[in-house]
Amino acid sequence: MEIFVLNLSAVCLYLAFLLHRVSSISEAVPVRASSPPRGWNSYDSFCWTISEEEFLQSAEIISQRLRPHGYEYVVVDYLWYRRKVKGAYVDSLGFDVIDEWGRMIPDPDRWPSSRGGKGFTEVAKKVHAMGLKFGIHVMRGISTQAFNADTPILDTLKGGAYEDSGRQWRAKDIGLKERACAWMQHGFMSVNTKLGAGRAFLRSLYQQYAEWGVDFVKHDCVFGDDLDINEISFVSEVLKELDRPIVYSLSPGTGVTPAMAKEVSGLVNMYRITGDDWDTWGDVAAHFNVSRDFSAANMIGAKGLQGKSWPDLDMLPLGWLTDPGSNEGPHRTCNLNLDEQRTQMTLWAMAKSPLMFGGDVRKLDETTYSLITNPTFPYIIGTKGNTRKIKVTPPHLSEVAESNTHVLGLTSCKDPKANSWSIQAHDQELEEICWKGKSGNKIGEPLCLYKSRALLSSDGEMIYKQQYQGKVHLLASKGVGVCLDASPKWKLTSKELRRGSFSKCKRDANQMWQLNPSGALISSYSGLCATVNLVKADVGSGGIRSWIATGRKGEIYVAFFNLNTEKTLISTKISDLAKALPGKNLNGASCKCREVWSAKDYGVLQQTLSTAVGMHGCALFVLNCD
């Protein structure tokens, strides 16, 4: 009996020790992105040309003026490693600065504190001293420059060059040249993550970022049409292992669907769901339907990498800007009028998108400042399922029938609708692969693509033959030497409708497709499956939209959006709000109401909320109901 008591005591002590250890570990791991991240990104104002001096000037202003409003990240966007010299541009080759291991390091002329192998260490220290967090943009895989130089690979676990099977591994062993980034062909390519050497290279990158003091990574050309699920998965695992918590962001979001995002949302903290957003009304309007779809799929604030994940509507191109793909810094004002800017800010806030301001903060005018620091937005909690469409009058005018067009898109191969392709043979030499699924087209022929054998190089490389055995090129017309691309060869903006991109046929994974027995047409570039949808040519360009969310103190936020080209009266019944908010009993309730942008007090509402909203404008109401 005494022995039993002693053993029980020992067990209890051991269990207490384990519980204490588990508690200590959980306390030691900070929650990443518990709310949508806020900050500033250099792309919209500087493209790739920003210098250390310009960046730190911007960070100082953000610390003083925007940090009190929750803007805590300052992010250097892409090509911080490119020398700013004659001949260098977005997709140029041979102008980048790399270390002996083929890793990108800051251009020392633009970033002088990086000299002596310091990387971004000094910049990060200064940013942290300002009370901010430091972020960088990185591309997929390995650079073409490192591949061509065939640099050795750093083994951070053992130190020195990576060796396996009795030999040293180098860049050309891991780089997948045929999987170059579709819209930066000369810049970067995927690495083979099935190889230990490929994984070692990626690990060396992110360990270096952590050593520099990086808090945020924007990982580009790995999502949407450019999906590289293997690289995303491995990078996510590496980030879990690091001593430094780094928020993980994916870009771009061209062609993203909720089905596709569900495969990655748990691996990251934020992910783009549109193409690049610039200061045009078409780009703003293109975000309404996709943000609605992600809200309906309960993706907003879902579980992410050691925290939460957030669908990202892209940066806010407001204030003083540059142009996409430019070699210039900020030189022009935003093209959106004030109503359109308010519409953008309101949608981003209601959809709980991360807020990354893109304008030049050194020329931050009071109107833009008031817009991005509106005190209402932090109180919109909009947890998943809380933000949704409500019934409004008049109905969505954009649903009126207009001209239709077929759109080739990509989706997760787990999506049942992907299994809708079949072969249609005309003769021994001519076959078509045709879409047989539902696309909304009741009249007319199905969309078909001509099947062609994958091109081989002149010597018929055996490796290439084996790698693309059973894969085909797809042509829009018989005998025409242009093939279907999985991802367009240029970066699409949000407003650009993806109808299928064709370019000159070549040996490229972006043009390799395989039809499996279930009827799925699989891209060798992204592993995604092709689909066809019939959409209205002007979808999203007109009509009205509405969103609802709850606040921290029980208040209700209702937003009306007018996408039409004329002023429109928009109304909703208080009773309809209750239908959109389960658990809220608003029957017979009276609600005190004010509108945020006009600061108008609407007094007590009994049955109906109604207002006239100008062209491309919005109204954001705050309701406190009995």
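**Figure 1. The disulfide of Cys 591 and Cys 625.** In this predicted model, Cys 591 and Cys 625 are joined by a disulfide, with their sulfur atoms 2.0 Å apart; a disulfide is a pair of cysteine sulfur atoms within 2.5 Å. The torsion about the S-S bond of Cys 591 and Cys 625 is about 110°, so this disulfide is right-handed. Because Cys 591 lies in strand β30 (residues 591-595) and Cys 625 in strand β33 (residues 618-625), the pair ties together parts that are 34 residues apart in sequence. Helices (H or I, at least four residues) and strands (E, at least two) are DSSP runs, numbered from the N terminus. Cys 591 has 0% relative accessibility and counts as buried, whereas Cys 625, at 26%, counts as partly exposed. Buried means under 20% relative accessible area, exposed over 50%, and partly exposed in between, with a 1.4 Å probe and protein chains only. Residues are numbered from 1 along each chain as its sequence is written, and side-chain values use heavy atoms, with hydrogens and water left out. Since this is a predicted model, local features need pLDDT of at least 70 and side-chain atom pairs count only at pLDDT 80 or more, while totals for chains, interfaces and linings use all residues.

**Figure 2. Cys 593, a cysteine in no disulfide.** Cys 593 takes part in no disulfide; the nearest cysteine sulfur, that of Cys 591, is 8.3 Å away. Cys 593 is buried, with a relative accessible area of 2%.

**Figure 3. The disulfide of Cys 434 and Cys 448.** Cys 434 is joined to Cys 448 by a disulfide, S to S 2.0 Å. About its S-S bond the torsion is about 110°, so the disulfide of Cys 434 and Cys 448 is right-handed. Cys 434 belongs to strand β19 (residues 431-435) and Cys 448 to strand β20 (residues 448-453), so the pair ties together parts that are 14 residues apart in sequence. Both Cys 434 and Cys 448 are buried.

**Figure 4. The disulfide of Cys 181 and Cys 221.** The sulfur atoms of Cys 181 and Cys 221 are 2.1 Å apart and form a disulfide. The link of Cys 181 and Cys 221 is right-handed, with 105° about the S-S bond. This pair links distant parts of the chain, 40 residues apart: Cys 181 is in the loop between β7 (175-180) and β8 (188-191), and Cys 221 in the loop between β9 and α8. Cys 181 is buried, with a relative accessible area of 0%, and Cys 221 is likewise buried, with a relative accessible area of 0%. The count of disulfides comes to five. With bonded cysteines counted along the chain, the disulfides of the protein chain follow the pattern 1-2, 3-8, 4-5, 6-7, 9-10.

**Figure 5. An open sheet of nine strands.** The strands of this open sheet have the order β12-β13-β11-β10-β9-β3-β2-β1-β16, with mixed pairing; two strands pair if DSSP finds at least two bridges between them. Its edge strands, β12 (302-304) and β16 (355-357), each pair on one side only. On average, neighbouring strands of this sheet are turned by 30° against each other, direction ignored. Strands β10 (residues 247-250) and β11 (residues 270-272) run parallel and are joined by two bridges. Ser 249 stands opposite Met 270 in β11.

**Figure 6. Helix α8 and Ser 236.** Helix α8 (residues 229-241) lies across β3 (133-139), β9 (216-220) and β10, and runs at about 170° to β10. Axes are lines fitted to C-alpha atoms, for helices over the stretch in contact, and angles run from 0 to 180 degrees between N-to-C directions. Ser 236 lies in helix α8 and is buried, with a relative accessible area of 1%. Leaving aside neighbours within four places in sequence, Ser 236 is in contact (heavy atoms within 4.5 Å) with Tyr 248, Leu 267 and Leu 305.

**Figure 7. The largest nonpolar core and Trp 80.** This core has 147 residues, and those with the most contacts inside it are Phe 55, Trp 80 and Phe 134. A nonpolar core is a set of buried Ala, Val, Leu, Ile, Met, Phe, Trp, Tyr and Cys residues joined through side-chain atoms within 4.5 Å. Helix α7 (residues 196-212) gives the most to this core, with nine residues. Beyond its neighbours within four places in sequence, Trp 80 has contacts including Met 104, Trp 111, Phe 120, Ile 136 and Trp 212.
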